[in-house]
Structures are given as C-alpha cells and as structure tokens.
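Hi everyone, thanks for making time for this. Please bring up the model on your screens, and I'll walk you through some of its parts.

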Amino acid sequence: MMKNVKALGLFSGGLDSMLAALVLREQGIQVTGLVWVTPFFTSEKAEESAAAIELPLIIEDFTDRYLHLLYEPPHGFGKWMNPCVDCHLLMLREAGKIMEAAGFDFLFTGEVVGQRPFSQNKGSLNLIAKKSGYGDRLLRPLSAKLLKMIRPEQEGLVDRDRLLNISGRGRKRQMELAARYGLTSYPVPAGGCLLTNPGFSARLRDLVQHLPQAELRRRDLELLKWGRHFRLSPSLKVIVGRDERDNEALERLIRPGDAVLRTLDYPGPLVVIPQAPPEADLTTAVVLCASYSSAPLGEPVDLTLAGRAGETIITGQRGPREVFQEMLL
Ligand code: SF4
C-alpha cells in the first residue's frame, strides 16, 4: 500500500460484516466499524463481533434522523415495517458524512449480491450506491468483482484482485472464509431488527396510524416492546403487562399525562394508557384490567386509577378475556 488507507464499514456484527472487514484488513487497510442504533436495533451484536476481531467500532444513535422512515419511506416497506432500502440509504449517507469528516478513504459494507430479495439484489445495491451520494466510494468486498469498479479500486487504494465474487443466499463461501480467518463463533444471520418482527410491526403500524410524526416520542416506541397492546378507540390504546418483567418495564416508562391502573385485592397486571385524553371513557380499560387479574370470573375487582386528576379507587368486573381478542394488536 502506498499510503495508510483507512476504510469505514457499516458493521452489524453479522458474519458478512466481519468477513468484509477482514478481507480489507488482509490487504493492510485500516478498518473501522460503524453501527447505527435506534430503538429497533441495538449495538450489542456489533460490539461482541467487533471485540472478537479487534475491530475499532463507532456507535452512533440516529433515532431522530430515522423516524420519518416509519411514516413514508420513499422506497416502501419490506414484508413488515422494515424500510430496508431507505434504512440502508440513510445509514450510508450518514456514514458518508463521518467518512468525510474523519478522513476515511472509503466506505464498505458486508452486503452480498442476491442475498436478500428486497434489499440486496443487484438492482437495489446499485440504486443504494447511486442514491447514497457515495456510490464511487462504496465498496462491497464480498461481491466487489460482480459490481462495477469504484474509485478506490481505480486509484489503487484497494486491490480488486483480492476482493471476492460471492453471490446468492448460500452460506458455503462465507463458512469457508470464516474458517480461513479462524472465526469459530459468530452471530446467526437473521434477526436483530425489531422492524422485521411481525408482532412488533403490527403494534408499530397501529402507532404510526394513530400518532402524527410530530408527536411521536422515543418513549412511545419503547412501550411497543412490552405487554399486550389493545386498541380500544382511535385515541385510546391500553397496554397490559404480561408478567413481572413487563410490569417493571412499563412502570419505568410511565410519563405525566398517562393513566395507570393497578389492581388492589387480587394480583393483576400494571395497565398503562399512554397520554389518555382528559375526556376519555376508561370503563372498558377498567374491565380489561380486572379481566387480566387473577380474580374469579364475575368477581368485582377494586383498582386504583392514577391520572391527570390524581388517584381514585374504581371497581371493575372480572370478565372473559376472549372479548378483548379482536382489540389486541
Ligand atoms: S432489517 Fe432493519 S436494520 Fe436492517 S436494513 Fe432493514 S430496517 Fe434497517
């Protein structure tokens, strides 16, 4: 290498991102990983994998810059609430800014041509490269020989001959490479992003349909991770803790303006009604809370209702839970 070449890679911590970093490092390039964090994907896996290959890792939260993609992603959603094309684009655009500010020579990712039908076919990879604004400085080391040559290759910063031509959904080539690099443990490929989780996506879809983007707070997204969610009316959503862990998590997420129900005489769930409108009729929520308590069917259940007007005691009747099924998100 003529100079000290530095590359910045989107690093999810999956095997492909590890291999992409190692392929470049083998050429003597100084590689650094970058992981973006939101309430939907954490840096945990990336941190573990980076530590395993001694890769310096930059961790950045970009939730505020991400939220608009939950409402109207220009390239649409995948199977669930995952705006993968726009998510990649945003990650690359933001990574490009860091690359320029911190003096990296180019960007790289562990993407493989043909690996995912929606976001990693050749057309999507080319589109993403072009639309990110950094197409001529974006390298995919695992599939580079199948893609057009980019500037760092032309300038001799990267040796194209030592890059790869992996394509498709098979993992055989990656496994062989992993063995060659002595990687014995690495995370499984799928999972990690809540936006591809069907249950979470259903709750998120309901949230964005009922809450304008300007009013969406990080707390609203954190609430989606806990409890059963019931949509009682356009302005009323009720969250019922399923167990002690849910109840504790929900407790931490309560904010002024919420209404909160707790059973008194019988063990029961913590019930949170986020930003309950002052005029809201909470009768159904009270019955819902009583019905998820351990009181016998038909028994009256005393509850505390804490809200804008202070705390009151209220009674609801334990009913059959099945009647709430169609309101469950
Ligand atoms: S799976 Fe999640 S993190 Fe990955 S690109 Fe899609 S939306 Fe982004």
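Helix H1 covers residues 15-25, and its axis comes within 10 Å of the axis of H7, with a crossing of roughly 55°. The axes here are lines fitted to C-alpha atoms, for helices over the stretch in contact, and the angles run from 0 to 180 degrees between N-to-C directions. Helices (H or I, at least four residues) and strands (E, at least two) are DSSP runs, numbered from the N terminus.

The crossing of H1 and H7 is left-handed. A crossing gets that name if the near helix is turned anticlockwise from the far one by less than a right angle, and right-handed if clockwise. On the H1 side, Leu15, Asp16 and Leu19 meet Gln174, Leu177 and Ala178 of H7. By class, this contact of H1 with H7 has four nonpolar, one polar and one charged residues. For the classes, Ala, Val, Leu, Ile, Met, Phe, Trp, Tyr, Cys and Pro count as nonpolar, Asp, Glu, Lys and Arg as charged, and the others, Gly among them, as polar. Two residues are in contact if their C-beta atoms, placed from the backbone, lie within 7 Å.

A word on what you are looking at: this is a predicted model, in which local features need pLDDT of at least 70, side-chain atom pairs count only at pLDDT 80 or more, and totals for chains, interfaces and linings use all residues. Residues are numbered from 1 along each chain as its sequence is written.

Let's stay with H1 for a moment. Is H1 largely enclosed by the rest of the structure, or largely open? Nine of the 11 residues of H1 are buried, so H1 is largely enclosed. Buried means that 20 or more other C-beta atoms lie within 10 Å of a residue's own, exposed means 12 or fewer, and partly exposed is in between, with C-beta atoms placed from the backbone. Among the buried residues of H1 are Leu15, Asp16, Met18 and Leu24. Their cover includes strand S1 (6-10), strand S2 (30-37), helix H2 (44-52), strand S4 (106-108) and H7.

Now to a second pair of helices. The axes of H4 (residues 84-102) and H5 (residues 122-132) cross at roughly 40° and come within 9 Å. H4 passes H5 in a right-handed crossing. Val85, His88, Leu89, Leu92, Arg93 and Gly96 are the H4 residues that meet Ser124, Ile128, Lys131 and Ser132 in H5. Those residues divide into four nonpolar, four polar and two charged.

His88 turns up again around the ligand, along with Phe41, Asn82, Pro83, Cys84, Cys87, Cys193, Leu195 and Thr196. To be counted here, a residue needs its C-beta atom, placed from the backbone, within 6 Å of the molecule. The shell around the ligand has six nonpolar, three polar and no charged residues.

Next, helix H11, residues 283-291. Its buried residues are Ala285, Val286, Leu288, Cys289, Ala290 and Ser291. Strands S6 (228-233), S7 (236-240) and S8 (259-263) are among the elements that cover them.

Tyr292 counts as buried, with 20 C-beta neighbours inside 10 Å. Leaving aside neighbours within four places in sequence, Tyr292 is in contact with Val240, Gly268, Pro269 and Arg321.

Two loop residues have a positive phi without being glycine. Glu54, in the loop between H2 and strand S3 (57-61), has a phi near 55°. Glu54 is exposed, with 7 other C-beta atoms within 10 Å. Gln275 sits in the loop between S9 and H11, and its phi is about 45°. Gln275 is partly exposed, with 18 other C-beta atoms within 10 Å.

Finally, the whole chain. How many helices and strands does the protein chain have? There are 11 helices and 11 strands. Of its 329 residues, 39% count as buried. The C-alpha trace spans about 80 × 40 × 30 Å along its principal axes.
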